[in-house]
Structures are given as structure tokens and as C-alpha cells.
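Here are my notes on this model, as numbered points. Please read them with the structure open.

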Amino acid sequence: MDKDTTPPYLSLFAALSYGIASMAMVFINKAVVMEYAYSMTLLTLQQLATALLIHSGRVMGWTRAKALNVDTAKKLVLVSLFYNGNVAFALASLKGVNIPMYIAIKRLTPLAVLIAGLFYKKGKHSKQVILSVSLTAAGVMIAALGDFSFDLLGYTMALVSVFFQTMYLVLVERSGAEDGLSSIEIMFYNSLLSLPFLVFLIIVTGEFPSSLSLLYAKSASVYFFVMFVLSLVMGIILNYTMFLCTIVNSALTTTIVGVLKGVGSTTLGFFLLGGVQVHFLNVSGLVINTLGGLWYSLAKYQEKMRRTAIPK
């Protein structure tokens, strides 16, 4: 579907759905990795569940996804690699980074998207956008100084996740527009292309077969079982809403939604799943980071309104 012909209600629905799914997924994944450290196995199972569900839906006639095409698969290999890199490093970072700081670091994605845009679009941005992005980055650094649970490895993994997220958002936007792929089709290709790579990784890293043994032992816990199943289901929903939002809107819109949903996630993160040790620098940095994110969203909205107001 072309962005210019997308009905406004569908654009809004895609953005809201992605925001809600993204916020829920952070807490669900955090709850799972607190008890199940094998994040790569978790990601592999999420992708396997996605591939099986879409394949079943296509066989049963529930979806209109096209048959696999080798040429299209080749074009989406990089999308798949960047997506899995993002999720893998994000899951790993949640082991050592609390939710408010994790969200603050992920708010650096708009900065990375803007920088990436200079290379493939060579676009110029307003002073408000540049200042808001700078404020967001400054907030992360201030908050980190007051983070009693500072984990260098966790922070590094979260930053690497930002890079991978930026790359796949840009690539999804371009592949969706150029190849006319639906969000479900991109999900299916992404899942299938991911599986060989992920299976190789869980074997090389030694997660398999210990991860399956622990999963079997943990399944006796009703709480863990529910959280784990929710993680698989929400993984599918998050993938769908993210790709849909990026295709019918843009990569930048997806990052803006991510910034806005982070406000609620940050607030809840102070109290849920272990909470955060409160420190003046930590709280001040998170507030600055959030304000920068909101300012950025407003600046991008004003830019878009000015562009649409200019007669062609």
C-alpha cells in the first residue's frame, strides 16, 4: 500500500498498535529474561512461531501472502540480519539494564535514523530537530551517571541494538515501498531467513541443548509459562505492527511512536519488575531524555505539516 493513498485511520491504527505492542513487549521480555537467561533461544522460538503461524494462515486461506520468491528473499537478507541483531542485543541488554534506562538508550534511535537519512536521502533537518535529538542524548548521559545499577556490558548491547534497529527500519521502509510487500510477507521472509542464522548461533554459543532443558524445567511454573507464551505471541504482534507502521507511515514515524510510548514505559519501569534505585541525576536525566523525545516528535510533526502546506 502506498503511503500517499493510505487512509488516515489505518495510519493512526498502525501507529497506536505498534506503540501499545512495543510497550507491552518490553515488560514481558524483561519478566522472561529475569528467569530465563537464554535470550537467543527465546528469539529463535519467537521467529519459529511467527513462521509457522503465517504459513498455516496462508495454507488455510486466512492471509493473502504471496508464495516465496528467491529474488525477494535475497533482497531481504539484510533486513532479517539487522532485525535479529536488534532483538538479540536488546534482549541481552535487558539482563543488566533496568527498564527506564533501557528505554532512554533506545530513544537514541531517532538520532541514528536522522544520521542514516543523510546518507540515503541527504536531507536537511531543522534546528529544533537537531536540538531535541541532542537533548535526548544528553539526558541519557546524565541518567547513566546516576544509575546505581550501571552495567557496561548491558549499556553496550543496548547501543548496538540501537544501531541494528536503525538499519532495519530504514531498510524495511525502502523494501516495502520498492517491492510492494505487505507487512505479513515481510514478517514471513524475515522469520524464515532468521532461523538458519539463529539456530547456528544457539549451537555455537552453547545455549543448545541446555536452553531446552531449562525451558522444560521452568514450564512447571504457571507464571513463567504464561509469560513465555505471551512473549511468543507478543513477538508476532510486535513484528506485524512494526512492519505495518513502517510501511504505511515511515521509519521516522515508527521511531517517533517508540519515543512517545517510552514515556509510559519509563514511569511504570520505576515500580515494576524490581524497579529502580532513585537518584537525582538518574531521574533528572530520564526527565531530560523524555522531554527531548517529546520535543523531537513535535518538531517532526511541524516539519511534516509545513511540507504538506507548501503548494506543489
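This is a predicted model: local features need pLDDT of at least 70, side-chain atom pairs count only at pLDDT 80 or more; totals for chains, interfaces and linings use all residues.

1. Start with Leu 232, which sits in helix α11. Leu 232 counts as buried because its relative accessibility is 18%, and the cut-off for buried is under 20%. Beyond residues up to four places away in sequence, Leu 232 touches Leu 45 and Gln 46. Ile 28 lies 204 residues from Leu 232 along the chain, yet their C-alpha atoms are separated by 9.9 Å.

2. Now the overall fold. The protein chain has 13 helices and 0 strands. Read along the sequence, the pattern is α-α-α-α-α-α-α-α-α-α-α-α-α. The protein chain has 312 residues, of which 51% count as buried. Take the contacts with a separation of 6 or more: residues 24 or more positions apart account for 89% of them.

3. As general background, nonpolar side chains tend to be buried together in soluble globular proteins.

4. Look at Val 32 in more detail. Leaving out residues up to four places away in sequence, Val 32 touches Leu 42, Phe 224, Met 227, Phe 228 and Ser 231.

5. Ile 130 is 166 residues away from Tyr 296 in sequence, but the C-alpha to C-alpha distance is 8.3 Å. Ile 130 belongs to helix α7. Is Ile 130 buried or partly exposed? Ile 130 counts as partly exposed, because its relative accessibility is 49%.

6. Ser 22 is worth a look in helix α1. Its relative accessibility is 9%, so Ser 22 counts as buried. Setting aside neighbours within four places in sequence, Ser 22 is in contact with Leu 238 and Lys 261.

7. Of its 8 residues, 8 are buried, so α5 is largely enclosed by the rest of the structure. The buried residues are Ile 99, Pro 100, Met 101, Tyr 102, Ile 103, Ala 104, Ile 105 and Lys 106. Note that Lys 106 is on that list.

8. How does α5 lie against α7: roughly parallel or roughly antiparallel? The two axes come within 9 Å and cross at roughly 155 degrees. That angle makes α5 roughly antiparallel to α7, because angles over 145 degrees count as roughly antiparallel. The crossing of α5 past α7 is left-handed. From α5, Met 101, Ala 104 and Ile 105 make the contact; from α7, Val 140, Ala 143 and Ala 144 do. By class, this contact has 6 nonpolar residues, no polar and no charged ones.

How values were computed:
Residues are numbered from 1 along each chain as its sequence is written. Side-chain values use heavy atoms; hydrogens and water are left out. Contact means heavy atoms within 4.5 Å. Helices (H or I, at least four residues) and strands (E, at least two) are DSSP runs, numbered from the N terminus. Buried means under 20% relative accessible area, exposed over 50%, partly exposed in between (1.4 Å probe, protein chains only). Axes are lines fitted to C-alpha atoms, for helices over the stretch in contact, and angles run from 0 to 180 degrees between N-to-C directions. Angles under 35 degrees count as roughly parallel, over 145 as roughly antiparallel, 65 to 115 as roughly perpendicular and the rest as oblique. A crossing is left-handed if the near helix is turned anticlockwise from the far one by less than a right angle, and right-handed if clockwise. Ala, Val, Leu, Ile, Met, Phe, Trp, Tyr, Cys and Pro count as nonpolar, Asp, Glu, Lys and Arg as charged, and the others, Gly among them, as polar.
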